[in-house]
Structure formats: C-alpha cells, structure tokens
Amino acid sequence: MEKKLIYLYITLGGAAGALSRYMLSVWLNDRIGTAFPIGTLVVNILGSFLLGIIYSLSMQFTIPVAIVRSLVMVGFLGAFTTFSTFSLETLLLIHEGSFALAFLNVLTNLLGGFGAVFLGISATNLINTMRGLV
C-alpha cells in the first residue's frame with residue numbers, strides 16, 4: 001500500500017479517535033464528576049478492549065491489515081486511548097497529595113487495560129467458536 005494512503009488513514013482515524021475520546025470523557029465527567037479521572041479510565045479500558053478485538057480478528061481472518069492497522073489501530077485507537085493524559089492526571093493527583101487516588105488510578109487503568117485486551121480477544125475467540133469459524 002502506498003505510504004501516502006497509510007498516512008491519510010492514520011490521520012483520519014486519529015481525528016475520529018481524538019474527537020471520540022474528548023466527547024466520551026467530557027460526557028462521563030459531566031455526569032460523574034472530576035474528583036477521580038473516570039473519563040480517562042473508561043476510555044483506556046474501552047480502547048484496550050477494542051484493540052483486543054481488532055488484534056484478534058486481524059490474526060484470525062484475511063483482512064486488509066495495512067488499512068486496519070493504520071486507520072483503526074494506529075489512528076483511531078492511538079488517539080482514542082489516553083495514557084499520556086493518564087500519566088499527567090496521576091502526577092497531578094500525587095502533586096495534590098492524593099496518593100491513594102493516584103495509586104487507585106494506576107492500578108485500575110493498568111489492570112483494567114490488561115483485562116480488557118484479554119476479554120476482547122477471548123470474546124472474539126468465543127464468538128468465532130460459536131459460529132464454527134475456529
């Protein structure tokens with residue numbers, strides 16, 4: 001695939017991912033509050049889950065890997081998941097003296113992200129098994 005097309009897919013996916021991340025985080029923070037960075041946590045876990053599904057599907061089926069990888073995995077999910085924001089928010093919690101919330105933020109983001117990738121892969125495998133595809 002031509003590099004210019006890959007760059008275009010990454011750009012389009014990234015724009016959609018960044019906008020989706022912002023909208024979901026704002027929506028959650030407006031409803032739940034901002035004492036704990038719930039928007040970032042949900043985005044990280046959801047993004048990890050989606051990454052698990054897409055990775056699993058790309059390993060099991062013949063799909064246009066360059067398009068999926070550049071548009072969805074690198075572009076959309078790369079901009080959608082917010083581990084840089086997670087890091088900043090954790091450091092700000094520490095700076096404010098909220099050590100327990102900072103620890104909770106690290107623990108839930110890491111375990112939630114790992115768990116979500118595992119669940120995404122497992123769910124895809126289960127569905128494929130039920131459909132007789134594996």
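**Figure 1. Helix H5 and the nonpolar surface patch of the predicted model.** Helix H5, which spans residues 99-130, is the element that gives the most to the nonpolar patch, with five residues; helices (H or I, at least four residues) and strands (E, at least two) are DSSP runs, numbered from the N terminus. The patch, of about 620 Å², is made by Phe83, Phe103, Leu107, Leu110, Leu111 and Phe114. Patches are made of residues with over 30% relative accessible area and no salt bridge, with nonpolar side chains (Val, Leu, Ile, Met, Phe, Trp, Tyr) joined within 5 Å and like charges within 9 Å; a salt bridge is a side-chain nitrogen of Lys or Arg within 4 Å of a carboxyl oxygen of Asp or Glu. Accessible areas come from the Shrake-Rupley method with a 1.4 Å probe, and for residues only the protein chains shown count as cover. Phe103, found in helix H5, counts as exposed because its relative accessibility is 58%, where exposed means over 50% relative accessible area, buried under 20%, and partly exposed in between.

This is a predicted model, in which local features need pLDDT of at least 70 and side-chain atom pairs count only at pLDDT 80 or more, whereas totals for chains, interfaces and linings use all residues. Residues are numbered from 1 along each chain as its sequence is written, and side-chain values use heavy atoms, with hydrogens and water left out.

**Figure 2. The largest nonpolar core.** Val43, Ile54, Val68, Met73, Leu77 and Phe80 are the six residues of the largest nonpolar core, a set of buried Ala, Val, Leu, Ile, Met, Phe, Trp, Tyr and Cys residues joined through side-chain atoms within 4.5 Å. Helix H2 (38-60) and helix H3 (65-80) are the elements that give two or more residues to this core, and the largest share, four residues, comes from H3. Leaving aside its neighbours within four places in sequence, Ile54 is in contact (heavy atoms within 4.5 Å) with Val68, Val72, Met73 and Leu77.

**Figure 3. The annotated positions Gly78 and Thr81.** An unreviewed UniProt entry places the feature "binding site" at Gly78 and Thr81; UniProt positions are given in the numbering used here, feature names are shortened, and annotations may be inferred rather than shown by experiment. Gly78 lies in helix H3 and is partly exposed, with a relative accessible area of 45%. Thr81 is found in the loop between H3 and helix H4 (83-95), and counts as partly exposed at 22% relative accessibility. Apart from its neighbours within four places in sequence, Thr81 is in contact with Arg21, Val43, Asn44, Gly47 and Ser48.

Technical notes. Buried means under 20% relative accessible area, exposed over 50%, partly exposed in between (1.4 Å probe, protein chains only).
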